[in-house]
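Thanks, everyone. Let's look at the model together, starting with a pocket and then moving to a pair of helices.

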Amino acid sequence: MSWHRARELAYELGRTNVLPTQDVPLGHANGRILAAPLHARTMVPGFDNAAMDGYAVRGPGPWRIVGQILAGEVPSQALAPGQATEIATGAPVPPGTERVVEYEITARVGDSLSASPGPRDHIRRRGEYVTEGQHLLPNGEKLTPAAIGLAASTGIDTMTVRRQPSVRLLITGDEITDHGIPGQGTVRDAIGPMLGALLRQWNLDIESERVPDRPPHLHYNAVSDALRRNDITLVCGSSSVGPADGLHTTLHHIGAQVNIDGVACRPGHPQLLAHHDGHWLLGVPGNPYAALVAVHTLLDPLLAGLAGRELPELKTAELNGDAKTSADCTRLLPVRFHRRQAHVIEGAHSGFLGPAAQADALAVIAPYWHGEPVELLPITG
């Protein structure tokens with residue numbers, strides 16, 4: 001399957017199986033996906049208030065100063081023509097206020113105040129920014145800190161969002177060690193720490209488990225148990241056709257339906273997506289850079305579909321550097337941005353994360369590429 005079609009299909013499969021909703025408090029909403037449009041519960045501002053520190057005045061100057069109002073206080077009386085009251089930013093203006101004059105343009109002598117003319121009244125009017133019931137954010141929007149602050153400012157305490165999927169990470173391989181310096185015949189696990197960090201960056205709670213290649217029943221038990229207990233199972237290694245790669249056999253015995261089995265890309269060809277009884281399994285290669293490519297190819301769009309949000313459109317840029325093409329597959333190369341161009345970072349290999357660790361994105365080099373702008377797959381957030 002072509003790289004673009006695999007990415008689109010992963011999204012389509014997720015979109016037809018959108019996760020249920022739940023209500024969460026604002027403090028737990030960051031990074032979540034709205035499952036219902038957000039509407040304001042109150043006006044913003046809720047009352048006419050001063051946009052500057054200075055004096056609320058009525059009529060032409062000079063004015064007689066009759067009091068002071070700080071934020072949080074309520075004016076006790078209206079201003080009469082020729083009167084002024086000192087006022088803090090955000091404080092309610094007294095009835096009758098025509099203008100707030102900032103300190104910087106005033107002259108005060110005792111209780112007498114004068115000021116230069118100004119083009120603005122420096123009053124934020126009730127409902128100037130938001131009216132009660134106003135539509136704030138659409139369904140499918142990813143919630144940011146600013147969005148959460150906006151919701152709070154309009155009186156909202158909870159938000160309806162898509163439930164976060166539970167994820168189980170299975171690291172396969174008898175040769176894997178997870179600490180210290182690897183000995184002869186063993187390798188340090190890079191995929192587990194990498195994907196663990198990436199999935200937490202995507203606001204996912206994950207559990208991980210080491211699974212040996214032998215005996216085969218351990219692999220079968222771990223995969224079948226993970227599929228029963230989690231929305232998504234991510235199997236790292238074992239997705240190819242080597243002597244220790246048993247994922248296809250396991251999925252056959254479980255009765256899972258394989259939707260994507262191999263993607264025409266380099267690196268990351270031996271990746272797959274399957275589902276069984278409402279649960280998803282993603283198989284990624286055992287080489288770390290290939291695993292990174294596979295997760296961004298299949299898991300990221302699957303998550304977008306499950307959350308009910310749109311599949312992000314990839315931006316494009318001019319490519320600078322050595323980018324050899326392949327006639328039969330898409331190549332994904334790490335790049336850095338400089339002066340509006342994407343510059344290839346040399347030295348990328350399936351089993352080495354050095355260039356990817358420096359990259360801003362992966363350049364998507366289509367078959368028979370001839371120098372036109374390339375799509376960019378974000379990998380840094």
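First, the term. On a 1 Å grid over the protein atoms alone, a pocket is an open set of points where a 1.4 Å probe fits, with protein on both sides within 12 Å along at least five of seven lines; lining residues have an atom within 4 Å of a point. This is a predicted model: local features need pLDDT of at least 70, side-chain atom pairs need 80 or more, and totals for chains, interfaces and linings use all residues. Numbering starts from 1 along each chain as its sequence is written, and side-chain values use heavy atoms, without hydrogens or water.

Now the largest pocket. Its lining has 28 residues, with Lys142, Trp202, Asp300, Arg309 and Pro312 nearest the centre. The space inside is about 530 Å³, meaning the volume filled by probe spheres set on the points, which are joined across faces, edges and corners.

Who supplies the lining? Helix α6 gives the largest share, six residues. Both α6 and strand β26 (374-378) supply at least two each. Helices here are DSSP runs of H or I, at least four residues; strands are E, at least two. By type, the lining splits into 15 nonpolar, five polar and eight charged. Asp, Glu, Lys and Arg count as charged; Gly counts as polar.

Stay with α6. Helix α6 (residues 288-306) packs against α1 (residues 3-15) at about 30°, axes 6 Å apart. Axes are lines fitted to C-alpha atoms over the stretch in contact, and angles run from 0 to 180 degrees between N-to-C directions. The two helices are therefore roughly parallel, the word for angles under 35 degrees.

Technical notes: Parallel < 35°, antiparallel > 145°, perpendicular 65-115°, else oblique.
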